[in-house]
Amino acid sequence: MSSFTLSLKLPPLLSLSPPPSAQLLNSNFSPLSLNTRILRATSRRFFGAVEVSSRIISTMETDKESIGSLKQQLAKLFEESLRAAFPDISDVQPLVAICNDTKNGDYQCNNAMSLWNKIKGKGTQFKGPQPVGKAIVENLPASDMIENCSIAGPGFINIVLARQWIAKSVQKMLIDGIETWAPKLPVKRTVVDFSSPNIAKEMHVGHLRSTIIGDTLARMLEFSNVEVLRRNHVGDWGTQFGMLIEFLFEKFPNWEAGSTPAIGDLEAFYKASKQRFDSDPDFKERAQKAVVSLQGGDEKYRKAWAQICEISRKEFQKVYERLGVHLEEKGESFYNPYIPKALELLNEKGLIEESEGARVIFIEGKKIPLIVVKRDGGFNYASTDLTALWYRLNEEKADWMIYVTDVGQREHFEMFFSAAKRAGWLPSNENDYPKASHVGFGLVLGEDGKRFRTRSTEVVKLVDLLDEAKSRCKLALEERGKAKEWTAEELDQTAEAVGYGAVKYADLKNNRLTNYTFNFDQMLSDKGNTAVYLLYAHARICSIIRKSGRDIEELKKSGAMDLAHQDERMLGLHLLQFPEIVEEACTNLLPNLLCEYLYKLSEDFTKFYTNCQVVGSAEETSRLLLCEATALVMRKCFHLLGITPVYKI
């Protein structure tokens with residue numbers, strides 16, 4: 001793909017072999033210039049802080065396994081406190097958030113002001129929100145989790161977590177495994193509908209976002225112990241298949257004899273058939289009759305349709321294998337037999353009306369109705385999507401249906417979700433389950449600010465884009481002499497991991513609703529917020545552990561972690577926040593939150609390593625365990641983002 005050829009310099013990043021030895025992290029591994037703010041909480045102005053207590057809230061349940069994320073554990077403590085301090089006020093949910101300013105504390109409880117608004121003027125003993133906050137603190141149950149609390153401004157309770165508790169929690173994860181940190185979500189089974197290319201058309205860069213955003217959402221939900229049905233709702237039905245089948249008959253008269261016909265470039269085949277359809281009235285008439293035969297179940301036409309679908313499916317699979325993406329296909333044709341029943345159910349609810357020869361559902365606030373049966377009696381996207389939703393709710397018993405498509409389809413989803421709510425298939429309250437969510441995403445742009453295309457204005461094929469990323473990485477590695485040091489397999493695997501990972505991360509780190517500019521040089525840079533930098537950072541952490549010569553598995557059992565230095569404590573706390581970030585990313589369907597977390601984690605590790613000697617220090621055991629915990633969380637982040645880590649540099 002000469003239209004993509006640009007110069008590239010990569011760091012000496014290498015080898016996917018799992019953890020054993022590399023070199024010590026060198027001195028030029030400096031803190032990153034970009035300071036990504038991941039610790040989001042509602043911005044507040046703090047007035048003079050009032051110290052309530054510097055006591056350490058004494059130990060409790062040290063042997064019990066902690067349940068939920070750090071934020072959830074704090075919320076549980078404050079829930080008990082709220083009940084004890086204000087027994088007459090029911091249904092008060094603890095409002096716990098990460099502190100915006102770490103100088104004030106690690107977390108905040110923000111219930112005091114709202115409670116004061118409820119009780120003032122009702123004969124309460126309290127004189128304002130600060131005394132309310134003080135009462136909440138004084139009624140906290142004993143826990144070794146909290147070191148101290150203070151009140152700021154109108155009752156904001158700032159919480160400082162105990163250093164020893166942070167250290168023990170991180171070490172417990174090392175022993176028990178990171179799966180014990182999985183978030184707890186209020187759903188059991190989810191359908192993630194993503195990728196969804198059209199049969200007989202090449203997957204192009206426009207499918208990139210749907211495929212990798214959907215895969216990451218599925219991975220995060222699976223990590224959270226949700227059963228995920230990964231659905232590929234391919235476009236494998238409709239009037240275009242009459243055109244394709246008739247063209248197949250014409251070009252390959254012996255198509256039924258044995259193997260699948262060698263169509264070759266399926267995109268070219270589709271374009272040629274479309275051109276023929278538009279220019280030849282006789283061919284167009286035959287194609288229209290072919291649709292009737294196909295939909296009527298004619299065996300010959302069904303067989304031809306199946307062959308075209310299979311050729312296309314094999315091409316899709318090449319892309320999915322490169323991306324490491326697993327999907328189960330249930331295309332438009334799967335739901336077609338169920339459409340009449342679904343429409344009958346909607347009609348029984350009085351939702352379907354006649355309008356200008358079509359059957360439609362009118363949606364409040366929309367000028368154009370949702371067409372469910374066209375004038376010619378045919379079905380369309382709306383009828384198929386409504387039927388698929390019904391099937392997923394009633395046959396697959398899903399709690400949450402997630403649809404990953406471009407933002408241009410937002411109105412379609414708004415209308416069909418609205419129709420489902422009117423039918424009683426979905427609850428009217430957006431927060432109730434079962435629910436359906438549209439995950440919209442923006443465009444991939446070229447350097448000219450327009451939709452990303454090749455120089456010949458063709459849409460960029462996704463397989464070509466991925467091959468280009470891999471070949472650039474491989475060339476850079478060869479220029480650094482790695483072809484002489486490694487086996488051909490190691491070289492190929494590393495180029496693939498870095499190249500594909502760079503493409504994925506460059507997309508996922510952006511808020512999905514925005515457009516982003518595709519730039520190979522930027523995404524393959526070893527500086528800043530890129531996959532290359534993060535993979536490099538992970539490999540170097542592993543090299544520190546290998547340089548020590550210590551048995552990290554043995555250290556997990558016999559060593560103890562202590563986070564005496566402020567940079568150790570900061571890194572340990574950031575590690576503990578991993579579950580709540582995954583939970584937030586799942587709840588809001590925003591993979592970029594996980595990318596921000598991962599980048600900030602690498603920054604925190606850099607600061608720790610810059611200021612805290614690891615190998616050869618008196619604290620070597622503890623700091624090696626902190627290195628291992630960081631690498632473990634980084635690897636889980638990579639896995640959730642669909643990126644393969646590298647271990648040697």
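Arg230 counts as buried, at 8% relative accessibility (buried means under 20% relative accessible area, exposed over 50% and partly exposed in between, with a 1.4 Å probe and protein chains only). The side chain of Arg230 meets that of Glu222 in a salt bridge, 2.9 Å from N to O; the term is used here for a side-chain nitrogen of Lys or Arg within 4 Å of a carboxyl oxygen of Asp or Glu. Glu222 is partly exposed, with a relative accessible area of 32%.

The model is predicted, so local features need pLDDT of at least 70 and side-chain atom pairs count only at pLDDT 80 or more, while totals for chains, interfaces and linings use all residues. Residues are numbered from 1 along each chain as its sequence is written, and side-chain values use heavy atoms, with hydrogens and water left out.

The mean pLDDT of the protein is 86, and 87% of its residues reach 70 or more; pLDDT is the predictor's confidence in each residue, from 0 to 100. Over residues 1–14 the pLDDT is below 50, although this stretch has 54 contacts in the model beyond near neighbours in sequence (contact means heavy atoms within 4.5 Å). Residues 19–66 also stay under 50, and for them the model has 123 contacts beyond four places in sequence. Where pLDDT is low, the predicted coordinates should not be read in detail.

Salt bridges come to 44 by the rule given above. Side chains of opposite charge can pair when their charged atoms come close. Helices (H or I, at least four residues) and strands (E, at least two) are DSSP runs, numbered from the N terminus. Both partners count as partly exposed: Glu329 has a relative accessible area of 28%, and Arg313 stands at 29%.

Glu485 forms a salt bridge with Lys482, the closest N and O atoms being 3.2 Å apart. Glu485 and Lys482 are separated by about one helical turn, because they are three residues apart in helix α15 (residues 482–485). An α-helix has 3.6 residues a turn, so residues three or four places apart point the same way. Even so, Glu485 counts as exposed at 54% relative accessibility, whereas Lys482 is buried at 11%. Elsewhere, a network of salt bridges links Glu246, Glu250, Arg276, Asp280 and Arg286.

Helix α14 (residues 462–479) holds Lys470, which is buried with a relative accessible area of 16%. Leaving aside residues up to four places away in sequence, Lys470 touches Asp492, Ala495, Glu496, Gly499 and Tyr500. Val498 has its place in helix α16 (residues 488–508) and is buried at 3% relative accessibility. Val498 and Ala469 are 29 residues apart in sequence, yet their C-alpha atoms are 8.4 Å apart in space.

Helix α18 (residues 531–548) is largely enclosed by the rest of the structure, because 17 of its 18 residues are buried. At 1.5 Å a residue, α18 should span 26 Å, which agrees with the 26 Å between its end C-alpha atoms; the expected span is 1.5 Å times one less than the number of residues. Gly549 follows α18 and has a positive phi, near 75°.
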